[in-house]
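Trainee: I'm new to this one. Could you take me through a single part of it, slowly?

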Amino acid sequence: MFWGFRLAPPWTFIVGISLPIAVVMGWSLFLAPRAVYRVPLPLVAPAALLVFLLAALALADAGLKIPAVVLAVVSAVNAGLGLSLQRRSSEFTST
């Protein structure tokens, strides 16, 4: 949202308001636990990581380099832990 409001004047409110709404709608339709069109479980973590890395890229483009790096690192660690826990849980349920 912050990134959208830093664009040139005709796009300021269009992107600043519509982009967060589109991300929330996409997350609720495809990535949320009770999503209507849920992405297959092995793809949830990479898709969520993509969303957060795009947000980090937007922060970096807006001039907020340190928060962008922090968000990217935390997102990568979170996705890695999520995939690791997903693999471990599937190992326990398959035996």
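Mentor: Let's start with Trp 27, which is partly exposed because its relative accessible area is 29%; buried means under 20%, exposed over 50%, and partly exposed in between, with a 1.4 Å probe and protein chains only. Keep in mind that this is a predicted model, where local features need pLDDT of at least 70, side-chain atom pairs count only at pLDDT 80 or more, and totals for chains, interfaces and linings use all residues. Residues are numbered from 1 along each chain as its sequence is written, and side-chain values use heavy atoms, leaving out hydrogens and water.

Now for the rings: there are two aromatic pairs in the structure. To pair, rings of Phe, Tyr and Trp (its six-membered ring) need centres within 6.5 Å; planes under 30 degrees apart are stacked, over 60 edge-to-face, and the rest tilted. Trp 27 pairs edge-to-face with Phe 52, at 5.8 Å centre to centre and 80 degrees between the planes. Trp 27 sits in helix α1 and Phe 52 in helix α2 (residues 41-61), so this pair ties together parts 25 residues apart in sequence. Helices here are DSSP runs (H or I, at least four residues), numbered from the N terminus. Phe 52 is partly exposed too, with 37% relative accessible area.

The other pair joins Phe 30 and Tyr 37, and this one is tilted: 6.4 Å centre to centre, with 35 degrees between the planes. Phe 30 counts as partly exposed at 39% relative accessible area, whereas Tyr 37 is exposed at 54%.

Conventions
Helix = DSSP H or I, 4+ residues; strand = E, 2+ residues; numbered from the N terminus.
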